[in-house]
Amino acid sequence: MGTAERREAPEDHRAGRARTRWGGGAPDHGAARGHEQRYDYRPLWREEPARRHPVPDPVRAAAVRALLVIAVTLIQAMVAFLCTLAGSWLAFPMVMSGVASTVVATWAVVDVWVTRQVWSQRHGVVSEPSSTARSLRRERRARRRQERAALREQERIRRRGGAGQLSHP
């Protein structure tokens with residue numbers, strides 16, 4: 001079908017398209033200015049919230065810090081190089097600060113690695129006998145068990161009409 005044939009095609013062929021008129025009927029070519037042509041809005045995709053972040057928040061924060069420090073270090077290295085080429089007096093201080101920034105950037109990368117390891121150890125991702133997460137889970141379960149037992153006891157006392165309860169709250 002050519003362009004001219006598409007222009008002359010009846011409206012019912014266009015009914016299946018994504019944009020359809022709400023009001024229906026013949027198209028308004030400016031005869032009635034009071035009504036605007038409105039079209040259905042169908043988004044291209046639907047936002048679905050992520051269940052969990054792919055990286056835990058402390059690890060993400062350490063990674064962002066490391067990225068910023070590395071970016072500053074690279075900028076310092078570039079400025080030091082350009083100052084050296086230009087023969088500027090600023091070259092020596094920039095090289096010294098670049099060396100210091102390299103040390104800090106290395107520390108930041110190690111911090112990401114250590115933070116990730118610590119988070120994994122504490123939250124049970126690593127399944128090893130030395131994992132502290134297992135004992136923490138055990139303690140949490142025991143605490144929940146005690147809370148449920150106390151709630152059951154309170155409910156039992158309430159059902160009996162308060163018998164066996166002290167007069168003071």
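Buried residues account for 12% of the 169 residues in the protein, which is described here from a predicted model. The secondary structure consists of four helices and zero strands, and the elements follow one another from the N terminus in the order α-α-α-α. The accessible surface of the protein amounts to about 14,900 Å², and carbon and sulfur atoms contribute 60% of that surface. When contacts between residues at least 6 apart in sequence are considered, 38% of these contacts join residues at least 24 apart.

If residues up to four places away in sequence are not counted, Gln76 touches Met94, Ser97, Gly98 and Ser101. With Ser101, a residue of helix α3, the side chain of Gln76 also makes a polar contact of 2.4 Å. Ser101 is likewise buried, because its relative accessibility is 13%, and, when its neighbours within four places in sequence are left aside, Ser101 is in contact with Val69, Thr73 and Gln76.

The connection that follows α2 was considered next. Just after this helix, Gly87 adopts a positive phi of about 75°, and Ser88 is found in the loop between α2 and α3. Ser88 counts as partly exposed because its relative accessibility is 28%, and a polar atom of its side chain lies 3.1 Å from the backbone nitrogen of Leu90.

Side chains of opposite charge can pair when their charged atoms come close. In the predicted model, the count comes to four salt bridges, among them one between Asp57 and Arg60, in which the closest N and O atoms are 3.6 Å apart. Asp57 and Arg60 are three residues apart in helix α2, so that about one helical turn separates them. Arg60, with a relative accessibility of 31%, counts as partly exposed.

Helix α4, which covers residues 132-159, contains both Glu153 and Arg156, and these two residues are three residues apart, or about one turn of the helix. The side chains of Glu153 and Arg156 meet in a salt bridge with an N to O distance of 2.2 Å. Glu153 is partly exposed, its relative accessible area being 34%, and Arg156 is also partly exposed, with a relative accessible area of 31%. A further salt bridge joins Glu155 and Arg158, whose closest N and O atoms are 3.1 Å apart; both of these residues lie in helix α4, again three residues apart and about one turn of the helix. Glu155 counts as partly exposed at 36% relative accessibility, whereas Arg158 counts as exposed at 55%.

How values were computed
Residues numbered from 1 in each chain as written. Predicted model: local features only at pLDDT ≥ 70, side-chain atom pairs only at ≥ 80, totals over all residues. Heavy atoms only, no water. Buried < 20%, exposed > 50% of the residue type's maximum accessible area, 1.4 Å probe, protein only. Contact = heavy atoms within 4.5 Å. Areas by Shrake-Rupley, 256 points an atom, 1.4 Å probe, with all protein chains shown as cover. Polar contact = N/O pair within 3.5 Å; in protein donor to acceptor, adjacent residues only side chain to side chain.
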